[in-house]
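Subject: Structure handover

Hello,

Here is the structure I promised you. Please open it before you read on.

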Amino acid sequence: MLLELAIGDAYGAGFEYAANRIVREHNTGQAYIQHPRHAIAPGRYTDDTQMSLAIAEAIVDGDAWTPQALAERFVAAFKRDPREGYASGFHAFLLEVRDGAEFLARIRPDSDKSGAAMRAPPIGVFASIDEVIERATLQARLTHDTPGGIASAVAAALSTHYFIHGHGPKSGLAAFIGAHVPGPWDIAWKGKVGAAGMDSVRAAISAVHAHSSMSELLRACIAYTGDVDTVATIALAAGACCPEIEQDLPESLYEGLENGAFGHDYVRDLDRRLMACAA
């Protein structure tokens, strides 16, 4: 899950809010590209993956699921490996805060954007639906304590949980999520994806429903245009856990993913540890 999540994020980073022409010409699903305006190098993941790693580390290490413990994880993940991709205001905030206590004291958790949803897929490993919902909700409230912020985070976590724990075919994903968190999950997404978390998760669910291979799924997420790195992050995390979706991402994307201290090899190892928690 985590490795494919990171690939979706890094691939999508080259296309986030890029012109339609860029998407048409370069969305081959074979190679990372340089974004026309951003400084993020091809194959580098963004905040979507870094925050997901923080959540996954908290899970595999058995942290207490408290605002303080999660805030410490978020700050530590950024401080050890500062990177671009965060919203400018939140990036500046992370540069300034020293620890989890200061994070909680200063944060204004009033956003309905996709930050809480993009980091929620690892939570799907828990066997209890109630526990997935509770954990996804708590982590969302740290930064996105709004109806849309919380609902989108819960839906993103349930999208991986549904496949990991064998709740049914992918055609039933939207109905399953809708039974636990209200939202228009069964209405197929069309067109550009905005910054709201609900938009990204709806688009990801639509893409998972419509495609039967990871390579198709990745290209479809980017073809929406807009906030496509987040859509691809959420969709590929779910797709990696779905037995009906062929795992055919090209080797070039695995090999081209960054491999520094917290790159490919680290993500792959953490992925193994995370999925072992679902056993």
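First, the ground rules. This is a predicted model, where local features need pLDDT of at least 70, side-chain atom pairs count only at pLDDT 80 or more, and totals for chains, interfaces and linings use all residues. Residues are numbered from 1 along each chain as its sequence is written, and side-chain values use heavy atoms, with hydrogens and water left out.

**The largest pocket**

Some terms come first. Everything is worked out on a 1 Å grid over the protein atoms alone. A pocket is an open set of points with protein on both sides within 12 Å along at least five of seven lines. A cavity is a set of points where a 1.4 Å probe fits but cannot get out. Lining residues have an atom within 4 Å of a point. Points are joined across faces, edges and corners, and a volume is the space filled by probe spheres set on them.

The largest pocket has a volume of about 770 Å³. Its lining holds 31 residues. Nearest the centre of this pocket lie Asp47, Tyr86, Ala87, Phe90 and Lys113. Four helices each supply at least two lining residues: α3 (47-60), α5 (88-96), α7 (115-118) and α13 (228-239). Helices here are DSSP runs of H or I, at least four residues long, numbered from the N terminus. By class, the lining has 11 nonpolar, 10 polar and 10 charged residues. Nonpolar means Ala, Val, Leu, Ile, Met, Phe, Trp, Tyr, Cys and Pro; charged means Asp, Glu, Lys and Arg; the others, Gly among them, are polar.

**Two helix pairs**

Two packed helices are described by the angle between their axes and the distance between the axes. Axes are lines fitted to C-alpha atoms over the stretch in contact, and angles run from 0 to 180 degrees between N-to-C directions.

Take α9 (residues 147-164) and α13. Their angle is about 20°, and their axes are 8 Å apart. That makes α9 roughly parallel to α13 (angles under 35 degrees). In this contact (heavy atoms within 4.5 Å), Ala156, Ser159, Thr160 and Phe163 of α9 meet Ile234, Ala237 and Ala238 of α13. The contact residues are 5 nonpolar, 2 polar and no charged.

Now take α1 (residues 2-13) and α13. These pack at about 160°, with axes 7 Å apart. That makes α1 roughly antiparallel to α13 (angles over 145 degrees). Residues of α1 in the contact include Glu4, Leu5 and Gly8, and those of α13 include Val228, Asp229 and Ala232. This contact has 6 nonpolar, 3 polar and 3 charged residues.

**The cavities**

How many cavities of 30 Å³ or more are there? The count comes to 2.

The largest cavity holds about 40 Å³ of space. Among its lining residues are Ala10, Ala13, His35, His38 and Pro42. That lining divides into 6 nonpolar, 3 polar and no charged residues.

The second largest cavity also holds about 40 Å³. Its lining includes Ala156, Ser159, Ile234 and Ala238. Helices α9, α11 (197-210) and α13 each give two or more residues to that lining. The largest share, 4 residues, comes from α11. By class, the lining has 9 nonpolar, 1 polar and no charged residues.

Best wishes

Notes
Parallel < 35°, antiparallel > 145°, perpendicular 65-115°, else oblique.
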